[in-house]
Amino acid sequence: MFDEDEFSERADLPDDLSEDVSRETAALPRPASPRTFVVANQKGGVGKTTTAVNIAAGLAMGGLKVLVVDMDPQGNASTALGVDHSEGTPGTYDVLVEGAPLIDVIQRCPDIPGLYVVPATIDLAGAEIGLVATVSRETKLQIALRKFFKEFYVDYVIVDCPPSLGLLTLNALVAAKEIMIPIQCEYYALEGVTQLMKTIELVTGRLNDDLRLSTVILTMFDGRTNLSTQVANEVRTHFAEETLETVVPRSVRIAEAPSYGQTVLSYHLASAGAQAYRQAAEEIARRGPTKK
């Protein structure tokens, strides 16, 4: 798949990145330690996977090393990043159920240097059943990431979750330190967020004290309608510190990109959607983790 040396120790950076990341775009600041995001929203159709892969692409195009962990059995993030996720391909299922090391299942995104993927296959659909009788079933991803970080370095880990609050999403919430919530600028925008916030409170109280909501990103914004502006204002009222200044517009290019096995940044960098996601990634990197 790739040489493990690509995941160099922190002390070896940035020289070991010289062949893997374009120096022309290596402009974003590296975090002091790896930042681990879970991208979650119980409501479907909000641009969750689209946001996960395009933020990851934007960070990688800024010269950072980014690992995307696909936790959705549909494998849409794997598709968008152009990696193999056919049935039987080593991936998230092997990590959660079989205990495989992350380094053994990682693939390189073919379009963007510095971007790596743990793919999800249809096998992952049976993972929740396989984990039910397992000890510490909600910490499998957390344990795998801790082992990975002992030997290898990445700047960001972005975990894409299914639109549900089952064991797969719970594993992601336990493993991450930051939550990113995409909210579409449409009617019922905050539907599902209330339940997600309750789940976050339960996780922080019992399983992961470090977890916090750090980033809210507004998607599918249409400046021609009053509704989009009203929803954006409502979200900013509820999440004043967490909401990014950048909003992602409705875009045909964003919708087209996954069908070509690409992010919108690699499919059509000049499009408004691509530029919005790149600006959002820069905003996340430059403002750093927010206070708990």
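Reader: Which residues does T49 touch, leaving out those up to four places away in sequence?

Author: T49 touches N76, A77 and D160. Please keep in mind that this is a predicted model.

Reader: Where does T49 lie, and is T49 buried or exposed?

Author: T49 belongs to helix α1, which comprises residues 48-61. Its relative accessibility is 15%, and T49 is therefore classed as buried, the cut-off being under 20%.

Reader: How many residues of α1 are buried?

Author: Of the 14 residues of α1, 13 are buried, so the helix is largely enclosed by the rest of the structure.

Reader: What distance separates the end C-alpha atoms of α1, and what should the helix span?

Author: The end C-alpha atoms of α1 are 20 Å apart, in agreement with the 20 Å that its 14 residues should span at 1.5 Å a residue. Just after α1 comes G63, with a positive phi of about 95 degrees.

Reader: Turning to α5, what are its buried residues?

Author: The buried residues of α5 are L141, Q142, A144, L145 and F148. They are on the same side of α5, because the arc they cover around the axis is only 160 degrees.

Reader: Which residues are exposed on the other side of α5?

Author: R146, K147, K150 and E151 are exposed there.

Reader: What should α5 span at 1.5 Å a residue?

Author: The twelve residues of α5 (residues 140-151) should span 16 Å, and the distance of 18 Å between the end C-alpha atoms agrees with this.

Reader: Why does F148 count as buried?

Author: F148, a residue of helix α5, counts as buried because its relative accessibility is 4%. F148 and L102 are 46 residues apart in sequence, while their C-alpha atoms are 6.5 Å apart in space.

Reader: Now α8. What are its buried residues?

Author: S228, V231, A232 and V235 are the buried residues of α8. Their arc around the axis is only 100 degrees, which puts them on the same side of α8.

Reader: What do they pack against, and which exposed residues are on the face turned away?

Author: The buried residues of α8 pack against β6 (178-184), β7 (212-221) and β8 (243-249). The face turned away from the buried side carries the exposed residues N226, Q230 and T237.

Reader: How far does α8 reach from its first C-alpha to its last?

Author: Helix α8 (residues 226-238) has 13 residues and reaches 19 Å, close to the expected 18 Å.

Reader: Which residues are in contact with V231, apart from its neighbours within four places?

Author: V231 is in contact with Q184, C185, E186 and A189. V231 itself counts as buried, at 7% relative accessibility. Its C-alpha atom is separated by 30 Å from that of S78, a residue 153 positions from V231 along the chain.

Reader: Is C185 buried or exposed?

Author: C185 is buried, with a relative accessible area of 2%. C161 is buried as well, at 0%.

Reader: How many disulfides does the structure hold?

Author: The structure holds zero disulfides. In the case of C161, the nearest cysteine sulfur is that of C109, at 20 Å.

Reader: To finish, how many helices and strands does the protein have overall?

Author: There are eleven helices and eight strands. The radius of gyration is 18 Å, close to the 19 Å from the globule rule for 292 residues, so the protein is as compact as a globular protein of that length. The C-alpha trace spans about 50 × 45 × 35 Å along its principal axes.

Definitions and conventions:
Residues are numbered from 1 along each chain as its sequence is written. This is a predicted model: local features need pLDDT of at least 70, side-chain atom pairs count only at pLDDT 80 or more; totals for chains, interfaces and linings use all residues. Side-chain values use heavy atoms; hydrogens and water are left out. A disulfide is a pair of cysteine sulfur atoms within 2.5 Å. Buried means under 20% relative accessible area, exposed over 50%, partly exposed in between (1.4 Å probe, protein chains only). Helices (H or I, at least four residues) and strands (E, at least two) are DSSP runs, numbered from the N terminus. The expected span of a helix is 1.5 Å times one less than its number of residues. The arc is that of the directions from the helix axis to the C-beta atoms. The radius of gyration is taken over C-alpha atoms; the globule rule is 2.2 Å times the number of residues to the power 0.38. Contact means heavy atoms within 4.5 Å.
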